[in-house]
Amino acid sequence: MNRPLGVTVSRHILDSQRMHPEATGELSGLLSELIVAAKTISAEVNMAGLADVIGLSGKTNIQGESVQKLDEFANNTIKKRMARCGYVCAMTSEEEDDIIPVAECYEGKYTLAFDPLDGSTNIDVNASIGTIFSIHRRRSSLTIGQGTIDDLLQKGTAQAAAGYIIYGSSTMLVFSTGEGVHGFTLDPSVGEFFLSHPNIQIPDRAKYFSINEGNTAYWDENIRRYIAYIKEVNKQDGRPLSGRYIGTLVADFHRNLISGGIFLYPKDSKDANKLSGKLRLLYEASPFAYLIEQAGGRAITGDGRNILDIEPESLHQRVPLIIGSKYDVDMVEDFLLGRR
Ligand code: AHG
Ligand code: MN
Ligand code: MN
């Protein structure tokens, strides 16, 4: 088969690095290792439907190896590869209560926060799932060795890079190092990501809204008023918006980024946990907020704060998240702050 020559993700990373003579190549090295982990997870995701055939999770497969659940597999793949890559000094994962230390002699100058498998309720039904990552420069001195929790608890504005991998109808990697958002599609036949979506900008106006409407009874009145408003008919200003909700943040975000949309996971009163939102600051809200601002959109909590400005207090802190096309995030904010 003839394929046009594409720009590989490694080429793209090296070309961007060349624009910065002061760069040491460590961030490029970190991203390259992470991409290998992503390709490993992607291959496993493609086999997930066969889990019942080759052996259920938690059991032993026909080769006598124990079969891991996909979220455990994704967590172990990233953790093991990145702990020994030499570029990170500390990590945190949704799947681990505590900070993940890195092997001695392998401490680098970056930290990594990740959600190894986002949308885990969608694994068994063959819908899109993803991986999310956020990278910061360490604050503690390199001579100290391993990084500390303080290196991980940094604001979104301080991110050196952030991105996600979506395991959808094809596997895509979307990331930013602060110079725009770029998307790469995996060609599984050669095992390479090729640049398919350079310089992604989110449309200023949303076509879609994404929220779990099953929580309506638990929302504040102002969120209810906003959702009722975008469902009203007004052809001049594009209402009603169309509803789309997958229940995988990566997939809902990706669609809205490409097509224009707004995603909301506000705080709700369903249980004590959700009084401050459901999604996690360090490896869900913050990386997406970084990407959306790079793409011309906005991300807020709804109580007057921008996601990127929040000082994290703990590794698994939750926040309300409202993210997407600028016009629409501004509009939600007006409703939530009582200006409409
Ligand atoms: P995870 O699978 O990593 O636990 O994340 C699930 C998250 C996110 O992907 C999604 O947007 C949200 O939970 C869906 O929550 P609801 O089922 O409450 O709508
Ligand atoms: Mn998640
Ligand atoms: Mn997860």
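Q: What makes phenylalanine 253 count as buried?
A: Buried means under 20% relative accessible area, exposed over 50% and partly exposed in between, with a 1.4 Å probe and protein chains only. Phenylalanine 253 comes in at 3%, so it's buried.

Q: What are these values based on?
A: This is a predicted model, where local features need pLDDT of at least 70, side-chain atom pairs count only at pLDDT 80 or more, and totals for chains, interfaces and linings use all residues. Residues are numbered from 1 along each chain as its sequence is written, chains are lettered from A and ligands numbered from 1 in the order in which they are written, and side-chain values use heavy atoms, leaving out hydrogens and water.

Q: How many aromatic pairs turn up in the whole structure?
A: Seven. Rings of Phe, Tyr and Trp (its six-membered ring) pair if their centres lie within 6.5 Å; planes under 30 degrees apart are stacked, over 60 edge-to-face, the rest tilted.

Q: Why is the pair of tyrosine 164 and phenylalanine 253 called edge-to-face?
A: Their centres are 5.8 Å apart and their planes sit at 85°, so edge-to-face it is.

Q: And why is tyrosine 164 called buried?
A: Because its relative accessibility is 0%.

Q: What makes tyrosine 229 and phenylalanine 335 a tilted pair?
A: The centres are 5.1 Å apart, with 45° between the planes. Both residues are buried.

Q: How do you know that arginine 205 sits over the ring of tyrosine 327?
A: The test is NZ of Lys or CZ of Arg within 6 Å of the ring centre and within 35 degrees of the ring normal. Arginine 205's charged end is 3.7 Å from the centre and counts as over the ring.
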